[in-house]
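Please look at the model on the screen while I talk through a few places in it.

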Amino acid sequence: MDVLVEEQIWAIAMVLFGAFILNTCSRWERAEKEIASDPRNRFGKKNTEKTKPKSTRGNIMTTAGFLLCAGGMVLFLMHVKL
């Protein structure tokens with residue numbers, strides 16, 4: 001394989017940054033779910049208050065991470081010499 005071109009290096013960086021965003025979002029949501037599932041935090045609350053609504057931050061981070069990963073993969077494959 002020849003040396004990577006500049007666009008492929010940027011593509012690798014995009015994939016790694018997208019994976020970092022997805023991993024961070026996953027850790028934050030797992031921590032929030034753990035706190036919400038603790039019985040001490042649910043005592044005396046109504047059923048409507050027990051369900052956690054989906055966060056806008058999580059949706060934005062997931063979308064951005066996915067688009068960075070997918071865009072990086074496409075950019076990398078665009079510059080592969082056959």
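What you see is a predicted model, in which local features need pLDDT of at least 70 and side-chain atom pairs count only at pLDDT 80 or more, while totals for chains, interfaces and linings use all residues. Residues are numbered from 1 along each chain as its sequence is written, and side-chain values use heavy atoms, with hydrogens and water left out.

The mean pLDDT, the predictor's confidence in each residue from 0 to 100, is 85 for the protein, with 82% of its residues at 70 or more. Confidence is lowest in helix H3 (residues 47-50), with a mean of 62, and highest in helix H4 (residues 56-78), at 94; helices here are DSSP runs of H or I, at least four residues, numbered from the N terminus.

The structure holds 1 aromatic pair, meaning ring centres within 6.5 Å, with planes under 30 degrees apart called stacked, over 60 edge-to-face and the rest tilted. Phe17 and Phe20 form that stacked pair, at 6.5 Å centre to centre and 25 degrees between the planes. The two are 3 residues apart in helix H1 (residues 6-37), so about one helical turn separates them. Phe17 is partly exposed at 47% relative accessible area, and Phe20 is also partly exposed, at 48%; the class lies between buried, under 20%, and exposed, over 50%, with a 1.4 Å probe and protein chains only.

Is Gln8, in contrast, buried or exposed? Gln8, which is found in helix H1, is buried, at 4% relative accessible area. Leaving aside residues up to four places away in sequence, Gln8 touches Phe76, His79 and Val80, where contact means heavy atoms within 4.5 Å.

How values were computed
Rings of Phe, Tyr and Trp (its six-membered ring) pair if their centres lie within 6.5 Å; planes under 30 degrees apart count as stacked, over 60 as edge-to-face and the rest as tilted.
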